[in-house]
Amino acid sequence: MKHTIVVTGANGQLGKCLQDIAPLYPGIKFIFLGRDELPIQEFDITKNVLETIRPSIVINAAAYTAVDKAETEISLALLINGYAVGNLAAVCNNIGAKFLHVSTDYVFDGNAIEPYSETDLVSPVNLYGASKLKGEELAVAANENTVVVRTSWVYSRHGNNFVKTMLRLMKERESIGVVDDQRGCPTYAIDLAEAIIALALQENTAGIYHFSNSGPISWHQFAKTINDNISSNCIVNPIPTSAYPTPAKRPVYSALNNEKIISVTGIKQYDWEERLAVCLDLLT
């Protein structure tokens, strides 16, 4: 059977990475829809578009990603990351499509001392995380053929992300301070895209999965490695979270255990430094 895969959020970072790798799957018909063609918060439009196309798989790469703004834009974050996801899953259920949704390490409270598994207790510490958790719950309830992929610290050559921000700051400033007491796992979005396709194409993969590159590391270690890779003269100083206050609290530790997705798909968990170097080669 030839799959037709609809990807929402086509103009976002992950959506563009999925477009980058789509030619590697010539037997699949991909339909990439940005917010203009498929605004997921518009439930009737979403229903009409998907019922017209009738894809076999829908990958939801659309999301509200402004972590700090979510503290005040609560209704909008909940609509896009929560209720719209539930609606997408329900529409997919009605047309017999598999639904794959991307979630976040921010569903956890950050109090762990070893990488989080899929069965660990969820307890978000910010409203962004709460909105993403709501989406997970509504999707799983609406469609038993839902796949949730939680990921962390995503970056690529596309969009706005930590790596591109650091490259800009390292050119502009003689020194920068980067938080050294939050730890997690960077994820190259191309690797995430490949993991998502692997889960989408494999039968009987409903459930929750974690995917990231190796870690954990601190944001400071991440930034220092970027700096070393580009041979910048910028000084990267470690600072505590308290020295860089933000509206939204971040989990102190949010590394993800990849064992389940590796065992189910055979996909590899890449070394974070190796994949960062690949991305930097494209950006510098």
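Which helix does K134 lie in? I looked it up: K134 sits in α4, residues 127–142. Helices here are DSSP runs of H or I with at least four residues, strands are E runs of at least two, and both are numbered from the N terminus.

**Ground rules.** I am working on a predicted model, where local features need pLDDT of at least 70, side-chain atom pairs count only at pLDDT 80 or more, and totals for chains, interfaces and linings use all residues. Residues are numbered from 1 along each chain as its sequence is written, and side-chain values use heavy atoms, with hydrogens and water left out.

**K134.** I checked its accessibility. K134 is partly exposed at 28% relative accessible area. The scale is: buried under 20%, exposed over 50%, partly exposed in between, with a 1.4 Å probe and protein chains only. I then listed its contacts (heavy atoms within 4.5 Å). Leaving out residues up to four places away in sequence, K134 touches L78, G82 and Y83. Y83 is 51 residues from K134 in sequence, yet their C-alpha atoms are 7.5 Å apart.

**Cores.** I searched for nonpolar cores, meaning sets of buried Ala, Val, Leu, Ile, Met, Phe, Trp, Tyr and Cys residues joined through side-chain atoms within 4.5 Å. The largest has 51 residues. Within it, I59, M166, F222 and I226 have the most contacts. Helix α6 (residues 189–201) gives the largest share of this core, nine residues. A second, separate core holds 27 residues, including I80, V91, Y106 and A248. I noted the general rule too: in soluble globular proteins, nonpolar side chains tend to be buried together.

Residues up to four places away in sequence set aside, I226 touches F162, V163, M166, L167, M170, L276 and L280.

**α1 against α6.** I took the axes as lines fitted to C-alpha atoms over the stretch in contact, with angles from 0 to 180 degrees between N-to-C directions. The axes of α1 (residues 13–21) and α6 come within 9 Å and cross at roughly 70°. That makes α1 roughly perpendicular to α6, because 65 to 115 degrees counts as roughly perpendicular, under 35 as roughly parallel, over 145 as roughly antiparallel and the rest as oblique. From α1, the contact uses Q13, L14, C17, L18, D20 and I21. From α6, it uses A189, I190, L192, A193, E194, I196 and I197. I sorted these residues: 10 are nonpolar, one is polar and two are charged. Nonpolar covers Ala, Val, Leu, Ile, Met, Phe, Trp, Tyr, Cys and Pro; charged covers Asp, Glu, Lys and Arg; the others, Gly among them, are polar.

**Cysteines.** How many disulfides does the whole structure hold? I found zero. The test is a pair of cysteine sulfur atoms within 2.5 Å. C279 is buried at 0%.

**Backbone.** The peptide bond from G215 to P216 is cis, with omega near 0°. P216 is in the loop between β10 (207–210) and β11 (217–218). R54 is not a glycine, yet its phi is positive, about 50°. R54 is in the loop between α2 (43–53) and β3 (57–60) and is partly exposed at 48%. S231, in the loop between α7 (219–229) and β12 (235–239), has a positive phi near 55°. S231 is exposed at 62%.
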